[in-house]
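The following note concerns the packing of the model shown below.

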Amino acid sequence: MSNNANYSKTIWITMLTLLILLGGLPMSSAHAQSAQKAIWLWNTQLIATSSADVLQFAASEGINLIYLQINRDLDAAVYHHFIAAASAQGIAVQALDGAPSWALDSQRSQLQASLDWITSYQNTAGADERFSGIHIDIEPYLLREWKTKQTKVIRGWQQSVLSVVQTARQLGISASADIPFWLHTLYTADQQTTLSSWMMQQYDSITIMAYRDRADAILDVASAELAEGVTAGISVYVGVETNASAEGNGITFYEEGAAYMKQQLQIVNDTASAYASFAGVAVHDYAGWTALNNR
């Protein structure tokens, strides 16, 4: 994209933000108020040793959705206790898992083992102890095969998505996933549609990894997939990063701190609500966010 195009897009986003904040853009107040706040929680030991702290943090930050890593070595009773306590606070908990290799046909058994654990867990947990959904993080573009066999990897990725969705449907819960903000630039293995659009046709919601540290930049990279979400009729979360990053300046709120992030996310929330697909923001992750607050 040319510098002029980038400049024009930034100006448009800035004007849209001002219009919403000043009340000049029609928007459903009900939709604006329904925006959720999600967080990734990878360290499963925390729900065993510090569940009260995690839930207190969630309450203080208005978090109502947790993507919680599953750990097959952790006693299921620990999940029972945590999810029941979260449910009592009105917080939904989705089963989080994933690996880049899960897109490969040769490694799909690893995905299936995770899905089997979730199925077994759901079938033995009480009503208020169950996961509300499955949230998958498969990033095959990190594999070396991505550079040499991209179409084959994409085909395998699509098959893995279908496996996740099938399991979720059988369990009567939602299926969702993290996707990079640039996924609309790639196509399915059969070249019929963009890969992001295809994902949206399968999942109930997606979370865009729109990792930038300014509201206008976040909205810039998220806009294409928010628009695709409108067409697909699904919920789209806009994800941001709080951990240190080696990818350069502008990726994470690690340097700017919690107060600045809160300000920028409010702008994202207000502006992105113009998209019917916008469901809320998601913060990566619990460890990073709590560290920001403690600095």
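This is a predicted model: local features need pLDDT of at least 70, side-chain atom pairs count only at pLDDT 80 or more; totals for chains, interfaces and linings use all residues.

1. A nonpolar core is here a set of buried Ala, Val, Leu, Ile, Met, Phe, Trp, Tyr and Cys residues joined through side-chain atoms within 4.5 Å; buried means under 20% relative accessible area (1.4 Å probe, protein chains only).

2. Local features need pLDDT of at least 70 and side-chain atom pairs pLDDT 80 or more, whereas totals for chains, interfaces and linings use all residues. Numbering starts from 1 along each chain as its sequence is written, and side-chain values use heavy atoms, without hydrogens and water.

3. Y79 has contacts (heavy atoms within 4.5 Å) with residues including L68, W117, Y121 and F131, sequence neighbours up to four places away being excluded.

4. Q94 lies in strand 3 (residues 92–97); strands are DSSP runs of E, at least two residues, and helices of H or I, at least four, numbered from the N terminus. Q94 is buried, at a relative accessible area of 8%. Its side chain makes a polar contact with that of S176 (3.0 Å), the criterion being a pair of N or O atoms within 3.5 Å, one able to donate a hydrogen and the other to accept it, with residues adjacent in sequence counting only if both atoms are side-chain atoms.

5. In helix 9 (residues 195–202), seven of the eight residues are buried, W198 and Q202 among them. Their cover includes helix 8 (150–171) and strand 6 (205–209).

Notes: Buried means under 20% relative accessible area, exposed over 50%, partly exposed in between (1.4 Å probe, protein chains only).
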